[in-house]
Amino acid sequence: MSLRTFIKHLPSSLSFFNSLSCFRSFSSLATQQDPYSLLKEDPIEICTSLWVKSFSSPVDATFPNLTGFLSKLDLWVLAYQRSCAHVTGTFPPRSALHSHTLHSLLSLQNAVVHNRFRWNDKANQIIRSPNDKPLTKLLSKTKLKAMLDSDDPCFQDRVVQEVLLMILEPFFEARFSSKSHAFRPGRNAHTVIRTIRSNFAGYLWFLRGDISELFVAADANIVMGCVEKVVKDKKVLNLIKTALKPVTRSQQPPKSGDTNELRRKKKKKATKKKILNENEPKPDPYWLRTFFDFAPEEAMKVPSYGYCGILSPLLANVCLNELDQMMEEKIVKFFRPNKLDSIWKDSIDDGCHNPSWPEFVPSSGKEKTRRMNYIRYGGHFLIGIRGPREDAVQTRKEIIEFCESKLGIRLDNSKIEIEHITRGIQFLDHIICRRVIHPTLHYTASGGKIVSQKCAGTLLSVTASLQQCIRQFRRLEFVKGDKDPEPLPCTPMLYSSQAHTNAQMNKFLETMADWYRYADNRKKVVGFCAYVIRSSLAKLYAARYRLKSRAKVYKIASRDLSRPLRESSNNSAPEYSDLLRMGLVDAIEGVQFSHMSLIPSCDYTPFPRNWIPDHERVLHEYIRLQDPKFFCELHRSIKRQGLIVPQDEISEIFWDCKTLGIRRYQSRGKNEPNTASEKVDLTS
């Protein structure tokens, strides 16, 4: 190497050797220990014990010692596997991890436990991503600066975030309100829609609030104050506090004269085809990316706090849980039952829940029960109020004051809108409205007389927003126009085969049909989506095969576009049927939902009022069975009823076989067998 080249690479080489020496200092403790000797437990059992411990503890319990879980190398190995699955798309088995990877994980664990870990420290990476190339050459100053200033998250930060998430999530999940449904296991947008359909009938005024400002920038002191109510471990709190620092970029904004050059460079880069590396994961298929663009407004914003990464949604729920608890207390105080009302007479949880009419609410009587309900999905919430509009105005005022004092968010009236049920309330791309019905109720009066009486009531209707669906299609350039949208050709699939294009669109339509599963107008919306996709593909095929119009495409390929549009190009080329028989081409699937009869109907399965996810129900049952008092009472009740526990029956069979060689036949009235046929010779 020449002197000039050495001087040119001198800063980068110094930083490289500094990082190398820092890595050696971090791994000095790891070299003294054998990582294989520290892998003693199953990480799934450790996580399960955390969930059981959190759900069996009192609600106001605190957890001062969590550093012991940071010292378990098994959790770090699981976190590394999950991080690799996120980066590479494959989950590496534990037995396939190399020894240098385990030593690096041990070094990272020691750095975190001994307070030597720094977030986004790209110059001193203890463990690197499997996709990163090993640093065998000296880095130039330009490449080093580009690496430090890049927006790509650090891989080792992801590993630490995974460990913290596995440790912290169980303790907060046990204390979260059942009113929140976003960024939580076992809950999603469908549970919100089903809860609204089941529990929000009879409300006149609705408050639709947007507090997603908390997702963009949150005060670190407020977040830490909410976390410290449950977690008291100083090491874990210090890790979260340092990660909450805002991300600083050292890049300077471009000058006004350089903006045109940057645009030209971006255009040039966009035209080039990107060649994926050997270990680089493939991008999402077209149907999945298209469906992601259909995400409702309430699900578009995801929290991002400093270097917290995947911890940000959990921390956002921790802060917004304060609002959930406040609303739960307000729901109890607001409830004013009325004996003249036919439902909600005594408590909040009572009321009619007819499986055939789960949303039916009678409207007879001069006065109504005053009642309130609340549900939240991420940074958006919905409040239903059965009472005058003044109560809705007062509730909005209290929420604004609470958010400003407790969460540090300043809201105005435009962020919390008050709407009447007759106008329809849009939430998660579904419109909540009501229909007034006049059914005839049959009941038995005093004296055994059957009375048939007509009454008035309301039926809650949850329908999909067709206008919102058209707007999303227009944004994706599938249609143009507002009142009478005209489909456009699906140009991103121009160079794909007919079989691949139809398969992609079928998966998209199946996902859309599943998304609108609980909408009353499911057939109408899914039928519209199928019409747009089918017309868009017909225009695409007309342009690809030069057929001039959609009518000619439908004439050749049929209504569902399942027949091949190009049977044979010339006499020398084999036909499509011959190629299909030889396995040289894929079978063409017809575009789904070409007829309304093929579209599934709305799912009206009633949703339980006190619903909890399956994993929480199993946890509660497991904790209940672990209680020795409950087990003793259950054993005594079985003994009193004359039933035999399976363990006791097995013991009796074994004892009879050892002493008598036979099994004694036992029945309710007889203890000894009467006939020889009732004896079973176990010795044979």
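Strands (E, at least two residues) and helices (H or I, at least four) are DSSP runs, numbered from the N terminus. Two strands pair if DSSP finds at least two bridges between them.

## Basis

This is a predicted model: local features need pLDDT of at least 70, side-chain atom pairs count only at pLDDT 80 or more, and totals for chains, interfaces and linings use all residues. Residues are numbered from 1 along each chain as its sequence is written, and side-chain values use heavy atoms, leaving out hydrogens and water.

Strand 6 (residues 425–427) runs antiparallel to strand 7 (residues 430–437), joined by three bridges. F427 stands opposite H430 in strand 7. The two strands form a hairpin with two residues between them. In that turn, L428 has a positive phi of about 55°.

Strand 7 also pairs with strand 10 (residues 457–464), antiparallel, over eight bridges. There, R434 has L460 in strand 10 as its bridge partner.

## Strands 8 and 9

Strand 8 (residues 440–444) and strand 9 (residues 450–454) are antiparallel, with five bridges. L441 faces Q453 of strand 9. Five residues lie between the strands of this hairpin, and G447 takes a positive phi near 90°.

## Helices 5 and 7

The axes (lines fitted to C-alpha atoms over the stretch in contact; angles run from 0 to 180 degrees between N-to-C directions) of helix 5 (residues 43–56) and helix 7 (residues 73–88) come within 9 Å and cross at roughly 105°. The helices are therefore roughly perpendicular (65 to 115 degrees).

P43, I44, I46 and C47 of helix 5 contact (heavy atoms within 4.5 Å) D74, L75 and L78 of helix 7. By class, this contact has six nonpolar residues, one charged and no polar. Ala, Val, Leu, Ile, Met, Phe, Trp, Tyr, Cys and Pro count as nonpolar, Asp, Glu, Lys and Arg as charged, and the others, Gly among them, as polar.

Definitions and conventions. Angles under 35 degrees count as roughly parallel, over 145 as roughly antiparallel, 65 to 115 as roughly perpendicular and the rest as oblique.
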